Amino acid sequence: MEQPGAESDADPVGGADPQLAATMGFSGFGKKARTFDFNAMFEQTRRTAVERSRKILEEREKAAAEKEKELDNQPGVGNLSATAPCPVGRTSSRDSSSSESEDSSDEELIGPPPPAQGTLEDSDDELIGPPLPPGYKDSDDEDEGDDNDNIQEEDEDPVRKIPDSHEITLHHGTKTVSALGLDPSGARLITGGYDYDVRFWDFAGMDASLQAFRSLQPCECHQIKSLQYSSTGDVILVVAGNAQAKVLDRDGFPVMECVKGDQYIVDMANTKGHTAMLNSGCWHPKIKEEFLTCSNDGTVRTWDVTNDKKHKGVFKPRSAQGKRVIPTSCTYSRDGKLIAAGSQDGSIQIWDRNMNVHTKFHCRHAHAPGSDTSCLTFSYDGTILASRGGDDTLKTWDMRKFKTPLNSVAGLPSFFPMTDCCFSPDDKLLVTGTSVKKGHGNGKLLFFERETFKKVYEIDVTDASVVRCLWHPKLNQIMVGTGNGLAKVYYDPFKSQRGAKLCVVKTKRKERQAETLTQDYIITPHALPMFREPRQRSTRKQLEKDRLDPMKSHKPEPPVAGPGRGGRVGTHGGTLSSYIVKNIALDKTDDSNPREAILRHAKEAEENPYWVAPAYSKTQPKTVFAEVESDEDEPDDKPEWKKRKI
């Protein structure tokens with residue numbers, strides 16, 4: 001009802017003066033709205049799609065016919081030409097069906113029909129749109145092909161997967177880094193050394209200065225032997241040179257400390273804990289509360305974090321004669337069902353976790369007797385055990401045939417009782433480090449093929465021994481602990497994930513000089529107004545005021561060393577004797593004759609009297625001095641017997 005009225009109102013305006021309406025910009029306000037017929041638009045779109053699909057089908061039929069002619073012309077391909085008309089018949093039937101579908105618009109499919117089987121066999125992916133010209137190659141297909149080739153080459157050559165293109169160096173201290181631990185997520189690294197310190201490194205929180213965010217001594221004056229995060233990463237096992245292992249949380253606060261056993265009990269199974277120095281320890285891979293330790297008291301013990309009063313189980317390695325031997329390394333299998341220990345007599349003994357009396361596997365002559373087996377580790381598939389011996393060898397053992405080693409390599413010097421070895425994440429490489437004496441070359445990180453034990457790669461780490469090595473499977477980064485207090489992290493920007501890549505991109509924070517001038521603002525609400533400090537409105541303004549104050553911004557003079565510099569006399573020493581000698585040398589006064597020293601100022605006092613002369617100016621205007629009489633001029637009237645005999 002309102003639309004006709006609106007048209008009648010708009011027409012007189014446009015009709016009265018259309019030029020004025022166009023100039024003012026409201027000439028088109030009263031026109032009718034444009035209407036659209038959607039059914040007609042859909043019908044036109046459908047016809048356009050049908051025509052386009054017909055053209056594509058015709059072009060494909062022509063291409064198929066040309067291929068048939070080429071096959072007929074080639075000799076020796078009669079069988080193929082005989083079977084060739086099949087796809088043509090299918091396309092012709094589809095062409096006829098498409099012509100019939102033009103008449104019936106209700107059952108018409110919008111868009112091109114599915115391609116024939118011949119085209120699906122030729123190309124895996126259906127091309128959208130018109131066919132490509134002959135001789136055209138898609139660049140994406142070439143890139144995918146190159147990527148697949150590179151992936152195949154990397155699978156064939158495991159050396160390509162070693163992430164060693166970049167490295168960062170973490171300065172732990174000056175002594176040997178004897179323990180490394182990385183949590184399962186790869187966010188935090190912990191290092192322990194012979195300097196009793198345990199340092200915490202957070203890759204996400206560090207900048208390019210690479211500083212540890214916490215350092216502590218959990219076991220006081222005992223060297224750190226082993227550090228490891230639990231399977232969940234919430235607690236840390238610390239094994240040091242004492243008899244009690246400790247469990248810390250992620251921030252370094254104590255959670256649990258193992259009890260110490262009674263050293264006067266003969267049977268170590270009857271005491272609650274270890275009685276001698278610990279050698280190694282590790283967490284259970286499946287049970288997050290259980291961990292394992294071995295000690296010089298000749299036992300391997302399992303513990304529960306929730307019970308610090310007593311051990312959970314005891315395993316006692318024995319020699320061939322049944323005597324006690326000292327285990328130097330211990331570990332769990334990947335499934336946590338087996339416990340392995342390497343002993344000082346050169347043997348490797350493996351128990352079932354639930355049966356602690358008899359060994360399940362044992363090899364009496366795995367390494368040289370009297371040497372410390374420094375490391376035992378299982379492969380990720382659980383079938384291979386690698387052992388690093390103190391006899392400078394590295395060996396692998398098949399759990400199904402444990403009497404003889406699968407492979408062995410000698411000539412790998414090891415000077416430390418915790419020299420490490422580990423498997424690569426793909427289980428194809430075995431990694432270990434070598435020790436060197438000071439000034440006799442560089443310590444190296446060696447990579448061996450697991451199957452053939454052929455050395456395929458090596459890294460020159462530093463001019464000190466390589467003690468610990470750790471290859472994290474999630475980060476794909478290699479951590480190395482050295483004998484000169486360094487912890488190095490090797491990574492590759494493309495093959496590695498997170499870890500060291502997070503901290504190297506952060507710029508080092510510059511310390512502003514103005515921050516050193518700030519003084520703490522002490523709030524004293526009950527002080528008298530005259531003693532109350534004014535409230536600081538802005539820190540920046542206060543810094544600017546302190547910079548203008550010559551007393552607060554005065555730089556102290558540095559100490560002078562040597563004979564002298566800048567007009568200042570150098571110090572001759574800090575002792576009391578040197579201070580006294582210096583002052584005596586500077587004292588030029590001569591107090592040998594005090595009368596002459598006083599008369600030296602007589603002329604000046606006479607010309608300008610100030611102290612004594614004004615007091616005697618009236619009573620004694622002329623100064624009278626006493627005459628000095630010598631003792632020699634006095635007459636000697638004493639008798640001879642009274643004179644002093646010299």
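How far apart do the end C-alpha atoms of residues 328-352 lie, and how much of that span is helix and how much strand? They lie 19 Å apart, and the span is 0% helix and 64% strand, where helices (H or I, at least four residues) and strands (E, at least two) are DSSP runs, numbered from the N terminus.

Before I go further, please keep in mind that this is a predicted model, in which local features need pLDDT of at least 70 and side-chain atom pairs count only at pLDDT 80 or more, while totals for chains, interfaces and linings use all residues. Residues are numbered from 1 along each chain as its sequence is written, and side-chain values use heavy atoms, with hydrogens and water left out.

Over residues 170-202, the chain is 0% helix and 58% strand, with end C-alpha atoms 11 Å apart.

Let me turn to helix α3, which covers residues 38-73. Its 36 residues should span 52 Å at 1.5 Å a residue, and the end C-alpha atoms are 53 Å apart, so the two values agree; the expected span is 1.5 Å times one less than the number of residues. The buried residues of α3 are Arg 46, Ala 49, Val 50, Ser 53, Ile 56 and Leu 57, where buried means under 20% relative accessible area, exposed over 50%, and partly exposed in between (1.4 Å probe, protein chains only). Phe 42, also placed in helix α3, counts as exposed because its relative accessibility is 58%. Together with Phe 36, Phe 38 and Met 41, Phe 42 forms a nonpolar patch on the surface, with about 480 Å² of accessible area. Patches are made of residues with over 30% relative accessible area and no salt bridge, like charges being joined within 9 Å and nonpolar side chains (Val, Leu, Ile, Met, Phe, Trp, Tyr) within 5 Å; the areas come from the Shrake-Rupley method with a 1.4 Å probe, and for residues only the protein chains shown count as cover.

Next, the charged pairs. A search of the whole structure finds 17 salt bridges, each being a side-chain nitrogen of Lys or Arg within 4 Å of a carboxyl oxygen of Asp or Glu. In one of them, the side chains of Asp 381 and Arg 450 meet at 2.8 Å, N to O. Asp 381 lies in the loop between β18 (375-378) and β19 (384-388), and Arg 450 in the loop between β24 (443-449) and β25 (455-462), so the pair ties together parts that are 69 residues apart in sequence. Asp 381 is partly exposed, with a relative accessible area of 43%, whereas Arg 450 counts as buried at 11%.

Arg 450 also forms a salt bridge with Asp 427, the closest N and O atoms being 3.3 Å apart. This pair links distant parts of the chain, 23 residues apart, with Asp 427 in the loop between β22 and β23 (429-433). Asp 427 counts as buried because its relative accessibility is 11%, and its phi is near 65 degrees, a positive value in a residue other than glycine. Asp 381, Asp 427, Arg 450 and Glu 451 are linked in a network of salt bridges.

Finally, which rings come together? The count is nine aromatic pairs, rings of Phe, Tyr and Trp (its six-membered ring) being paired if their centres lie within 6.5 Å, with planes under 30 degrees apart counted as stacked, over 60 as edge-to-face and the rest as tilted. Among them, Phe 361 and Phe 402 form a tilted pair, 6.1 Å centre to centre and with 55 degrees between the planes. Phe 361 lies in strand β17 (residues 361-363) and Phe 402 in the loop between β20 (393-398) and β21, so this pair ties together parts 41 residues apart in sequence. Phe 361 counts as partly exposed at 21% relative accessibility, while Phe 402, at 6%, counts as buried. With Trp 397, these two residues, Phe 361 and Phe 402, form one aromatic cluster.
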